Amino acid sequence: MNELELWQYLLIGLLFIWSGFVRSGLGFGGAVLTLPFLLLVHNQPLVFLPIIAVHLLVFSGLITLTTHRQARRGKSDAARQSSIDWKYLKHSLGVMIIPKLIGVFGLLTLPTELMSSIIFSIVMVYAIGYVLNKPFRSNSRVLDSSFLMLGGYISGTSLIGAPLIVAVYASHVAKHQLRDTLFVLWFILVLIKCAAFLWAGVDFQLIHHLWLLPCATLGHFIGLHFHKKIVETETPLFFRVLGAALIIISLIGLWKAWL
């Protein structure tokens, strides 16, 4: 990443602002809605994934701790209840852990062109669901397990398994616990991935965190400010427009990967 052009650094900075905005504004999607654009700037998944992983650790931990402390300050018994569904979290991790590790191994061994193609193909499937306003839904135990395993594998390869995992969690976790439970899950899954990166000697691009973390922080606070508006009024149109853009980006990315 030290040999990029100035215009590439500028675009990467803007995209990390966007990543922080999406993550705090929607509660998920910071990776799946950012990585395809980053790969068009510089088609090297292992350059950006460690940076995204560190940002996920920082902001998922920050949001979870902040929300948990606010809940503990409540005077009623209901307010003092845990905002995290630890029982379902433990169950789902048991289902996802093996596919997650397989996905991490695939990321570290597959050729860059093949890995980029897999990422763009997965994003395009998600994007079609966004455009049609028909996100993934889970309504059976078999489908639940399938979505969790596939989401764990995709999370291992590229950190973009959130839509599949959210589809299952939304059916089993109470609404007031959903967001914090997901953030704890992201923290655990990303921690596993970071450990694998360290073991494999992947460059975490630490020097570039000095300017990319502030970019993501700026986006984070913008996303918090507009959280209610995005979730309550703009989400369907937001996803349709973004889905259409992601389809175009994915097609271009696939073409560049195999040119």
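**Burial, aromatic pairing and helical architecture**

Phenylalanine 197 is buried in this predicted model, its relative accessible area being 0%. Its partner in an aromatic pair is phenylalanine 204, and because the two ring centres lie 6.0 Å apart with the planes at 80°, the arrangement is classed as edge-to-face. Phenylalanine 204 is likewise counted as buried, since its relative accessibility of 12% falls under the 20% cut-off.

This pair belongs to a set of 4 aromatic pairs found in the structure. Another member of the set is formed by tyrosine 9 and tryptophan 211, whose rings are edge-to-face, with a centre-to-centre distance of 5.9 Å and an angle of 80° between the planes.

At the level of the whole protein, the secondary structure consists of 11 helices and 0 strands, so that the order of elements from the N terminus reads α-α-α-α-α-α-α-α-α-α-α. The protein comprises 259 residues, of which 53% are classed as buried. Where contacts between residues at least 6 apart in sequence are considered, 79% of them join residues that are at least 24 apart. The accessible surface amounts to about 12,800 Å², and carbon and sulfur atoms account for 69% of this area.

Helix 7 spans residues 141–158 and contains 18 residues, and the distance from its first C-alpha to its last is 25 Å, which is close to the 26 Å expected at 1.5 Å a residue. The buried positions of helix 7 include Asp144, Phe147, Leu148 and Ile154, together with the glycines Gly151, Gly152 and Gly156; Ser155, Thr157 and Ser158 are also buried. Just after helix 7, leucine 159 adopts a positive phi of about 65°.

Notes: Residues numbered from 1 in each chain as written. Predicted model: local features only at pLDDT ≥ 70, side-chain atom pairs only at ≥ 80, totals over all residues. Heavy atoms only, no water. Helix = DSSP H or I, 4+ residues; strand = E, 2+ residues; numbered from the N terminus. Expected span 1.5 Å × (residues − 1). Buried < 20%, exposed > 50% of the residue type's maximum accessible area, 1.4 Å probe, protein only. Phe/Tyr/Trp six-rings, centres within 6.5 Å; stacked < 30°, edge-to-face > 60°. Contact = heavy atoms within 4.5 Å. Areas by Shrake-Rupley, 256 points an atom, 1.4 Å probe, with all protein chains shown as cover.
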